[in-house]
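The notes follow in the order of looking.

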Amino acid sequence: MSTTLLERQRSHTCNQLTKADLGKEVVLMGWVDSNRDHHGRIFIDLRDRYGITQLVFKPELDAALRDRAHQLGREYCVGIRGVVEDRAANGGSPNPRLPTGEVEISAVELALFNAAETPPFLVEDKIETSEEKRLAHRTVDLRRPRMQRNLIIRHKLMQAARRYLDGQGFLEMETPLLVKYTPGGARNFLVPSRLNPGKFYALAESPQLYKQMFMMAGLDRYFQIVKCFRDEDLRGDRQPEFTQIDIELSWATERVVQTLVEGLVADMFKEALGVTVERPFQRMSYDEAMSRFGSDKPDLRFAMEHTDLTDIVKKHQGGGIKLFADVVATPGNIIKAMVIEKKREMSRTEVDKLEDVAKGMGSKGVGRVRLDETGQWTQGPFGKAVTPEMRAEVNQACGAKAGDVILFQLGKASLVHTVLGGLRLHLRDKLGLVEHDEHGVSKQWKILWVTDFPLFEYDEIGKTHVAAHHPFTSPQAGHEDKLTSDPGSCRARAYDLVLNGNEVAGGSIRIHDGAVQSKVFTALGISEEDRQRKFGFLLEAMKYGCPPHGGIALGFDRWAMLFCGGTSLRDVIAYPKTQKGTCLLTDAPTAVSEAQLKDLFIASTAPQE
RNA sequence: GGAGCGGUAGUUAAGCUGGUUAUAACGCCGGCCUGUCACGCCGGAGGCCGCGGGUUCGAGUCCCGUCCGCUCCGCCA
């Protein structure tokens, strides 16, 4: 009995054969990318993850084999044995777009492993189909070269990270995913415990406390490429399960962590893009980022900085504009502006439409004026009301010139920043202020550390201070006294890494002193009883010699997304969830039987369908 | 929880102020074509216009509701 093609195994992949292989008998495996019948001569492009090789079935060589090849449709899975031949010598023309374009395989044996139905969409990069269809037929989608390239880049980044951290003496250590529920922060996914009726695990939203305890255990340098789970609403850059490169080290300072990460990031850039990044990275305080860009993750690839006009408007008591006067009369309110330059050629109608965009972000409206040749304000009600003195000062503060448009946003600081910062990004995309290559990869890389975050944020609803990063973040030196007296002014030893306007890493130096930890808990309004109940295990561990330590976590999927060129994590995660957290491929989540629930001592209160 | 955009052959879209039999391209099927490779030419099949209700003599089109996908705000220590 003859040897089957599968037993022979493939001799080459579909990107390998060239004129150097002429005359060789080869075995290839793959999928039918296309099938062309030219006067009885069948040409098939055979595709695997490596590339495409042309097969030719000659009727004069084997008419029966040709007839079988004629039947092969797109995505049929086949194996082939044949001889490498020169296309030109066969009377054909080479295809310069393929590495294998000078040769073709004259088939002598064909194994049909599996026929395929007509695929729901073509396996091509350029095909535009809805994300819904792609997710529902993910195996077909993942055959597209672009998706395979993305997953390969992802793999390379992961290996580069492991190599680098291993080289720096870090141990890759695993931590539990079924963990104790801890309140605060992101909503947890809960997992009922069958063996402990009425009790629940949480899926880890990060390995935070475990990695800190590794440090207390003397394990010194830890990393893990780890799945994390957060039951919050999704965005293009937020999935309910995502991957972090999680890092923690003892004897750490901000500089130590940041320098380490800069080395890691440099390797990742080199691996994915062949780009050399400049080190050390730029640093910017949280306050400066908010003030200049209205965001704690500013995109520095373009300007359009914001100008705070609050003091000017106060000085002029509204400058004749009642709206302005009213707003600054309330403490805490601010007025900020952003200029759209004349050369952007925004029509009045287009500028007016920005108000709808802003309203979608919670704004009540967007003040807007256009400067004429003399600096007068036109195209709006402000021009008639404003005093020339304030107008001149505003124009100068904003750096606005003739033909420019000034956008105003006023009210509570947080809303002003959300809206004006959001408009800045909206205009970035609308006006094409940043360039991308043909894959959608940014042509420019602006990376910076954002530092000096507040330690606490004030929760308007609960009327309490909550941890801005997490409750184990160390306050900055000299700020310990303010923990009780003025928590709002406390700064944290926390830092984020921002790449092209995306938060791609975040970390902090942790508290290693029980007394300081206690003060922070007090500032957070967590009772003695609560801190023992919720975090007792950590406080206990801290008692037996806790080294100074700190760390960081990199949002791995976001790095992959930016390096692959995209705006959605769904393109770099093989099997992602939709915005509603469902999986269109498997239909998860699904209802379960009453019996299953009973087994877990749970009853559903969801309305019956 | 809120705002916006979208849903019409397998796929991507067109379909105006409501009016015969809902178009096109790609794909699919058949035939032709001495060498294709975005092949070309000829022919063909293919539709609960997301779903439900309403207005109307008449709805893909207008109205209400609902489901699904995407973007944004809230949320994401």
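For the pairing notes I take two strands as paired if DSSP finds at least two bridges between them. The model is a predicted one.

Sheet. I looked up the strand order and found an open sheet of eight strands, E6-E10-E11-E23-E22-E21-E18-E12, with mixed pairing. Its edges are strand E6 (171–172) and strand E12 (282–285), each of which pairs on one side only.

Pairing of E11. I then followed strand E11 (residues 241–250), which runs antiparallel to strand E23 (residues 549–555) and is joined to E23 by seven bridges. For Leu249 I noted Gly550 as the bridge partner in E23.

Helices. Helix H5 (residues 145–167) packs on the sheet and touches E6, strand E10 (221–229) and E11. The direction of H5 makes about 10° with that of E11. Helix H8 (residues 286–293) lies across E12 and strand E18 (447–451), and I recorded about 80° between H8 and E12.

Trp251. I found Trp251 in the loop between E11 and helix H7 (254–273). Is Trp251 buried or exposed? Trp251 counts as exposed because its relative accessibility is 59%, and the cut-off for exposed is over 50%. Leaving out residues up to four places away in sequence, I listed Asp220, Pro547, Pro548 and His549 as touching Trp251. His549 is 298 residues from Trp251 along the chain, yet their C-alpha atoms are separated by 5.3 Å. With Asp220 there is a polar contact between side chains, at 3.3 Å.

Domains. Last, I checked the domain assignment of chain A, which gives domain 1 (4–114) and domain 2 (302–430). Taken over C-alpha atoms, the centres of domain 1 and domain 2 are 64 Å apart.

Conventions. Residues numbered from 1 in each chain as written. Chains lettered and ligands numbered in written order. Predicted model: local features only at pLDDT ≥ 70, side-chain atom pairs only at ≥ 80, totals over all residues. Heavy atoms only, no water. Domains from an automatic or database assignment. Helix = DSSP H or I, 4+ residues; strand = E, 2+ residues; numbered from the N terminus. Contact = heavy atoms within 4.5 Å. Axes fitted to C-alpha atoms, helices over the stretch in contact; angles between N-to-C directions. Buried < 20%, exposed > 50% of the residue type's maximum accessible area, 1.4 Å probe, protein only. Polar contact = N/O pair within 3.5 Å; in protein donor to acceptor, adjacent residues only side chain to side chain.
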